[in-house]
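This briefing is meant for a reader who is meeting the structure for the first time. Please look over the sequence and the model before turning to the points below.

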Amino acid sequence: MSQIVKLFGDNEKTALRRLKEGAGKADILAETGAVLGLDNVSFSVNEGEILVVMGLSGSGKSTMLRCLNRLVEPTAGSIRIGGTEVTELSTKALREFRRETFGMVFQHFALFPNRTIAENVEYGLEVQGVDRKTRRERALEAVELVGLKGWDAKFPRQLSGGMQQRAGLARALCADADILLMDEAFSALDPLIRRDMQNELRSLQQKLRKTIVFVSHDLDEAIHLGGRIVLMKDGAIAQSGTAEEILLDPQGDYVRRFVENIDVSSVVTLGRLVRPQPRLFQGAAAEEAWPLVEPAQSRADEVFVVTCDRDMPVGRIDRGRLSAPGSRGQRLDKLMDGGIARAPAGAVLKSVLPLLASEPHGLAVVDETGRFVGLLTREVALRALAGKQPNEERNTAWNGSSTTTAASASSLWTNTPAAPSIGSPSISRH
Ligand SMILES: Nc1ncnc2c1ncn2[C@@H]1O[C@H](COP(=O)(O)OP(=O)(O)OP(=O)(O)O)[C@@H](O)[C@H]1O
Ligand SMILES: [Mg+2]
């Protein structure tokens, strides 16, 4: 979707001109009576991804969703889906395209009260003229997929709200459309049922690889669904990105207000918080590590020791110990200050807080193969908990690839080939 403008009202042309001249929503409304629904909105959705559109009431979420299939006709801009320029389709071609491409699920389930669940679910196929037997088979498959097996002959009124919403989802899935448009689909459900539905949508999406655009006003729901998030404000995009990106770096007061009540530690993963650290093989001699902690050359005051074969962190040595008399010629693994606690980069901060509390030197964060990614310090963890950026120094800090000041020091960074997998990562102590 690129540069989409939607103005509601009779005076669209004048209003569009005023918008291009830089007029805001309030001015346009006062001067022309037109309501600015979308203000130059551009974004893309990848095939097979969940994109959550968020924002306060009236921010333009539904309008944006409905512009995608032209249930709301954009005033200006272009919408490309696959190879199709949707804004250029004729009425007839559009009808066909909609049917093939989109399934829709709404907040209020919009089931036909006098049709059974199976009849509701197969409705789309019926309209397409699919024969009775085939469409019933497909409907029963979809009913089963959403966990309503055995309820197909019941009427909507015999089902709870959550079950009716499952039926709505089955109806959208039944036509096997590529893209699901879901507008506040779970907002009418009780919190626990709602969470169940979010979980199920996630697993269905992983199984069926549908592209889903999901409108919600609830950031917690957006985070739980796991996809990228587009945050709307007054018809424009206030910020877009992953939940982690938005939580760690909310831009502007509007976004900050959304983020305020979210528990950052249950979303942010260690991989986003780590700082790269100088490391050396365990068999190296102490003097090889000296340049890495030399104050004039490096801001590090400790060196991490990794295994030769897998780059796995096994310990740390601080500057004092490295430069102590008699260290010359000593192997690094003989100088280590005990072991080091490890934690996987994919773990959320919350899950390692107890471990971090008992590790004053921080945690060695490893990737899925066990390789050392960097250090999670208490300071960085606390900053994240306080809603601050991991570290302002990040861009200028030492870093394995380029910014180490001394050439001699950078040549000492370990560089081992990818190691074999060590299975599912877990917190471990060497
Ligand atoms: N058919 C319409 N005619 C006139 N104005 C409209 C129409 N539909 C939407 N609007 C206006 O466009 C703006 C965006 O509305 P939209 O329904 O997209 O918001 P929303 O983010 O979905 O809100 P909610 O969370 O309440 O559903 C609002 O200012 C609304 O008044
Ligand atoms: Mg809406």
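The structure is a predicted model, and every value given here was computed from it. Ligand 1 is surrounded by 13 residues, while the largest pocket has a lining of 19 residues and the second largest pocket a lining of 23.

**The shell around ligand 1**

- Among the 13 residues that surround ligand 1, the closest are S57, G58, K61, S62 and T63.
- Two elements, β2 (35-41) and α3 (61-68), each contribute at least two residues to this shell, and the largest share, 3 residues, is the contribution of α3.
- Sorted by class, the shell around ligand 1 holds 7 polar residues, together with 3 nonpolar and 3 charged ones.

**Polar contacts and cover of ligand 1**

- A polar atom in the side chain of S57 is found 2.5 Å from an oxygen atom of ligand 1, and for S62 an N or O atom of the side chain lies 2.8 Å from an oxygen atom of the ligand.
- In the case of G60 the backbone is involved, with one of its polar atoms 3.0 Å from an oxygen atom of ligand 1.
- On its own, ligand 1 has 640 Å² of accessible area, and the protein covers 60% of that area.

**The largest pocket**

- The space in the largest pocket amounts to about 580 Å³, and of the 19 residues that line this pocket, R99, F102, G103, M104 and G124 lie nearest its centre.
- At least two lining residues come from each of α4 (91-101), β7 (102-105), α6 (123-127) and α8 (161-174).
- The lining of the largest pocket is made up of 11 nonpolar residues, 4 polar residues and 4 charged residues.

**The second largest pocket**

- About 440 Å³ of space lies in the second largest pocket, whose 23 lining residues include V45, I81, G82, I179 and T211 as those nearest its centre.
- The elements β5 (80-81), α4 and β9 (211-216) each provide at least two residues of this lining; α4 likewise supplies at least two residues to the lining of the largest pocket.
- By class, the lining of the second largest pocket consists of 12 nonpolar, 6 polar and 5 charged residues.

Key
Residues are numbered from 1 along each chain as its sequence is written. Chains are lettered from A and ligands numbered from 1 in the order in which they are written. This is a predicted model: local features need pLDDT of at least 70, side-chain atom pairs count only at pLDDT 80 or more; totals for chains, interfaces and linings use all residues. Side-chain values use heavy atoms; hydrogens and water are left out. A residue is near a molecule or strand if one of its heavy atoms lies within 4 Å of it. A polar contact is a pair of N or O atoms within 3.5 Å; within protein, one must be able to donate a hydrogen and the other to accept it, and residues adjacent in sequence count only if both atoms are side-chain atoms. Accessible areas come from the Shrake-Rupley method with a 1.4 Å probe; for residues, only the protein chains shown count as cover. Helices (H or I, at least four residues) and strands (E, at least two) are DSSP runs, numbered from the N terminus. Ala, Val, Leu, Ile, Met, Phe, Trp, Tyr, Cys and Pro count as nonpolar, Asp, Glu, Lys and Arg as charged, and the others, Gly among them, as polar. On a 1 Å grid over the protein atoms alone, a cavity is a set of points where a 1.4 Å probe fits but cannot get out, and a pocket is an open set with protein on both sides within 12 Å along at least five of seven lines; lining residues have an atom within 4 Å of a point. Grid points are joined across faces, edges and corners, and a volume is the space filled by probe spheres set on the points.
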